[in-house]
Amino acid sequence: MFTIEQIKEAHAKVQSGADFPNYIQDLIILGVKGYDTFVDDGHVEYYGVNNYTVTSDEKYSPIAIAPTVNKELFIEFLVKHQHGETDYITFCNHSGQCGIAKWRVDIIEMTCTYFDSAENEILIEKIPS
């Protein structure tokens with residue numbers, strides 16, 4: 001099974017949202033089936049087969065999550081990030097500002113789903129392969 005250290009090595013190659021598809025390919029090779037990223041502190045829960053999970057530590061100081069979602073503004077920030085115009089921490093701050101509490105990457109379905117604090121699905125997008 002995969003370790004947090006192996007995942008960190010794959011993640012170290014990611015400089016912007018433009019690097020995301022290659023990161024997903026690296027995770028597939030490791031056996032990761034999906035993961036949840038929590039915007040408030042950046043910790044990530046990775047999962048694999050047979051209910052195997054590992055959780056990373058917090059990555060940064062707490063980010064407040066807005067109580068209401070601004071989906072339109074979030075989509076604008078997301079597109080900028082995917083084009084490499086923002087770094088990861090900026091995207092996390094923008095996500096919290098727009099009411100996004102976490103995102104779930106499903107590597108099997110090749111989707112990324114963004115959720116608010118009440119676990120409502122706000123946006124589902126296909127991951128480019």
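**Reading contacts, strands and helices**

Me: With which residues is T113 in contact, leaving aside its neighbours within four places in sequence?

Reply: Contact means heavy atoms within 4.5 Å. Beyond those neighbours, T113 touches K102, W103, R104, E121, L123 and I124. This is a predicted model, in which local features need pLDDT of at least 70 and side-chain atom pairs count only at pLDDT 80 or more, while totals for chains, interfaces and linings use all residues. Residues are numbered from 1 along each chain as its sequence is written, and side-chain values use heavy atoms, with hydrogens and water left out.

Me: Does T113 count as buried or exposed?

Reply: T113 counts as buried (under 20% relative accessible area; exposed is over 50%, partly exposed in between, with a 1.4 Å probe and protein chains only), because its relative accessibility is 9%. T113 belongs to strand β5 (residues 111–115); strands are DSSP runs of E, at least two residues, and helices runs of H or I, at least four, numbered from the N terminus.

Me: In what order do the strands of the open sheet lie?

Reply: Two strands pair if DSSP finds at least two bridges between them. The six strands follow the order β3-β2-β1-β4-β5-β6, with antiparallel pairing. At the edges, β3 (53–55) and β6 (121–126) each pair on one side only. Strand β2 (residues 44–47) is joined to β3 by three bridges, and Y46 has V54 as its bridge partner in β3.

Me: At what angle do the axes of α1 and α2 cross?

Reply: Axes are lines fitted to C-alpha atoms, for helices over the stretch in contact, with angles from 0 to 180 degrees between N-to-C directions. Helix α1 (residues 4–11) and helix α2 (residues 20–30) have axes that come within 9 Å and cross at roughly 155°. Therefore α1 is roughly antiparallel to α2 (an angle over 145 degrees).

How values were computed: Angles under 35 degrees count as roughly parallel, over 145 as roughly antiparallel, 65 to 115 as roughly perpendicular and the rest as oblique.
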